[in-house]
There are 2 protein chains.
Amino acid sequence: MNGAESLLRTAAAAGLEVCFANPGTTEMPLVVALDAAPQLRAVLGLFEGVCTGAADGYGRMAGRPALTLLHCGPGFANGIANLHNARRARTPVVNLIGDHATWHAAADAPLASDIESLARPVSGWLRRASSGSRLASDGAHAIRAACTPPGQVASLIVPHDIQWCDAAQAAEPLAPPEAPRCDGTAIAAAVTALRAEGRAALLLGGAALADVGLRAAGRIARATRCTLIHDTFVARLERGSGLPRVERLPYFPEQARELLGGFQRLILVGARDPVAFFGYRDQPSRLAPPTLAVLELASAESDGVAALEALAEDLGAREAWADEDPGKRPDRPSGALSVGSLGQALAALQGEGAIVVDEAATSGIAYHAHARHAPRHTVLGLTGGAIGQGLPCAVGAAIACPQRKVIALQADGGAMYTLQSLWTAAREGLDIVAVICANRAYRILQVELARAGVSAPGPKAAALTALDSPALDWVALARGMGLPGVRTETADAFAAALERALAEPGPVLIEAVL
Amino acid sequence: MNGAESLLRTAAAAGLEVCFANPGTTEMPLVVALDAAPQLRAVLGLFEGVCTGAADGYGRMAGRPALTLLHCGPGFANGIANLHNARRARTPVVNLIGDHATWHAAADAPLASDIESLARPVSGWLRRASSGSRLASDGAHAIRAACTPPGQVASLIVPHDIQWCDAAQAAEPLAPPEAPRCDGTAIAAAVTALRAEGRAALLLGGAALADVGLRAAGRIARATRCTLIHDTFVARLERGSGLPRVERLPYFPEQARELLGGFQRLILVGARDPVAFFGYRDQPSRLAPPTLAVLELASAESDGVAALEALAEDLGAREAWADEDPGKRPDRPSGALSVGSLGQALAALQGEGAIVVDEAATSGIAYHAHARHAPRHTVLGLTGGAIGQGLPCAVGAAIACPQRKVIALQADGGAMYTLQSLWTAAREGLDIVAVICANRAYRILQVELARAGVSAPGPKAAALTALDSPALDWVALARGMGLPGVRTETADAFAAALERALAEPGPVLIEAVL
């Protein structure tokens, strides 16, 4: 057994099942060793950002890491943007980064670079393997690090000769530490805050947005009449009929501040004291107004679900949340295709258990309002703001959950960064409906120009935010990647195409011309 | 005038003309300021690797830097792979990297990351601007750094508030230092080496591969009967009829070693003591056999052209090189389309003054042999081994040289990394013929597997090197990006399509099914 085989057998023994790979010459021993680890599925991406984004989507849905297999510094660099998103999502990911043989490093060959410097900003754990016989142990430590709650990116650099070296055996899995439980003081403070005069809200993030956490939060909301809010960009949110109502913290700071200004106390559960996504002139970074008392029940690192359950218990909040305004699922829309009717159609038609990957930017806002009464579904958001995350994330989610329909609600601008994902979706036959919101602009930048007071941008500024010349033909792009596609220009046509796509196994692409 | 405007006016005053941009919210002041700098052309890329690769191609052809405009750490990270290539090519490039406002940094907002750590591995010069009034000076220093011979990547991080700050004026251009001239000792040693018994060769790199350097090297070769060799992967090589014959150092180390083994002395002119691209078991990093004496006439940083001219002078080598074996341009091929007939067709048909961007990997080898007798042309190679360089480099070369036809000889695997380049080519109406060598495989990895002794790869290893399921439809991909395309499956069809493409202004894509 060589080092590469010992490493991959270690990953398989730890329960890992998928390797998203875009290897090169320095990774050949690991490529060969994949065939010696039958538990590991190898999924090829034609660009590294596909692999890392897929690992992020997979980790969010599977709750355990996927491997990525990447080629030297430049190949790894192509995956950084989506690892940045994974880092912000607290997703467990294990990167295997090949490098030149140890004895070849001094030659400073063309592909040599400072991988550590590139990897450190996105890696919670980083190591360079230095011995074939210890490679299995390095792998076990990387997996343990990735699985340390709430999850993180672990990167293991594996020089070529270390992969070939003789190795004795795979390493036993190492149990990750448990998430710290929150202490009684924080719970008592939260009880006091929720029982005091005035309005209170829970700001939920991380695992608190999964089923059990939401239900505990729902009991607390019913008992105390507090409001539930979630981070603007969620790693993973369960939503839809039967689940407690959780408001989304608005993206723009003045709107977020207006929402938060309605409360006297904000209790953080797996969420940070909220800050603006970008800093705007004359607006502070922090979104909580000075009048709002902010206290932390559970940090992102600690067990937010247990904290919510303990808080509910101490409040005597045993009654399940019930929707006072049950509302109804929106009707299927007709007429013009717009951000509104697109969101309405999706909320009207999506099936039970869909996974909705939202990188729709401005085109997704209406959907969130409509989707509250849709059937139960899971939302995966753009946690780190690095666009090009949606399509790869959908690939990973579809591989993690082959029985569930994955809907990628995707802005056209963001889709272009990692459109190679479509090929992997076609190759693997993944059950994905990619809805491309084709407004043919970086609309958010047009909004930002206006917000900055630039009411009439010059021709260059205008051109840098416009994608309409030439217009991208998403149906042709899909065909080029081996995927069926359809263009829709009315709400009726979109709804009909969506209904067909949802009824059949994917993958398929729907271009929604907005 | 704000900081952003002072910065861009400084760039314009220094003679910069192009900004390859993929901006975000934090770069809005710079986007607005582009309209205040009429000398600067703004070219949008839909992925950052397009922008950085285009800046590389532009810099190689223009001999002066382009600006890139990139968004925060993750946006910059998407451009790293092609900056790695630019670093290895010694191309002057100036990156402007937007970041959060200084006062917003402490908030650790979602897009915040350690930009310095990401930028350092590819940047010869790196600075974070800290004052609006000094931003123009920062820009002048960045440009000076980029233009310091032989050229390098300079990265300036510009926080959002620094862009908006008031600024007095643009800064005067700063003259870069001149390249050191080589000393008489090195020239005298080279004279001795070339006059001694046995065979000698000059290994040429950098500016020595441009017209003047090549002609000086040709005089030396004629006078001393030495052989001229160039680096395997050239930043920029002038080639074709009338120019001295320069052999390419082979890619695989055993072949390179065989070539070098035929000499007693190797004189480096702007090239490094050659090393293997990858380290292979049982082969040293260094390619020069122990019997070969290696001496340096000029380092990559010094003035290799002046050194060659001085050497020619000291040798009394005044007669121009003349081809002893003038050979002839190959005929237009017929029959099956293969790597051989593809290269033959291109060499047979390319017009005077073409710029050939070679990222064809295994599909380009035959072309290099055929092209020696083609009309004068320029070759731009994959200097850093980070694939996804060819199409963006062609975009940049076409913008630098609008009067010349650019031919991107491009492997399909590498093309997928930055296929968004096709959109920029369409949008800007660039005169590019993109020849996609569609062997539907990572052929080099199949070769590497065989070289590693894996004669029968397992199904996973085989699948990770095969791009045929589904086959990419490059004509559809081109159409999706707004570009005409044609698929060719015989040498005759390819030659006919190429002839048409060369006769008309581009852009156009030809898929050559191999």
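Into which domains is chain A divided?

**View 1. Domains of chain A in the predicted model.** Chain A comprises domain 1 (3-164), domain 2 (184-315) and domain 3 (339-513), with bounds from an automatic or database domain assignment. This is a predicted model, in which local features need pLDDT of at least 70, side-chain atom pairs count only at pLDDT 80 or more, and totals for chains, interfaces and linings use all residues. Residues are numbered from 1 along each chain as its sequence is written, while chains are lettered from A and ligands numbered from 1 in the order in which they are written.

**View 2. Domain 1 and domain 2 of chain A.** The centres of these domains, taken over C-alpha atoms, are separated by 35 Å. Six residues of domain 1 of chain A contact six residues of domain 2 of chain A (C-beta atoms, placed from the backbone, within 7 Å). On the domain 1 side, three of the touching residues are nonpolar, one is polar and two are charged (nonpolar: Ala, Val, Leu, Ile, Met, Phe, Trp, Tyr, Cys and Pro; charged: Asp, Glu, Lys and Arg; polar: the others, Gly among them).

**View 3. An open sheet in chain B.** Seven strands follow the order β9-β14-β13-β15-β16-β18-β17 (chain B), with mixed pairing. Strands are DSSP runs (E, at least two residues), as are helices (H or I, at least four), numbered from the N terminus; pairing requires at least two DSSP bridges. The edge strands of chain B, β9 (237-239) and β17 (485-488), each pair on one side only.

**View 4. Strands β16 and β18 of chain B.** β16 (residues 432-438) and β18 (residues 508-513) of chain B pair in the parallel sense over six bridges. A434(B) has L509(B) in β18(B) as its bridge partner.

Notes:
Contact = placed C-beta atoms within 7 Å.
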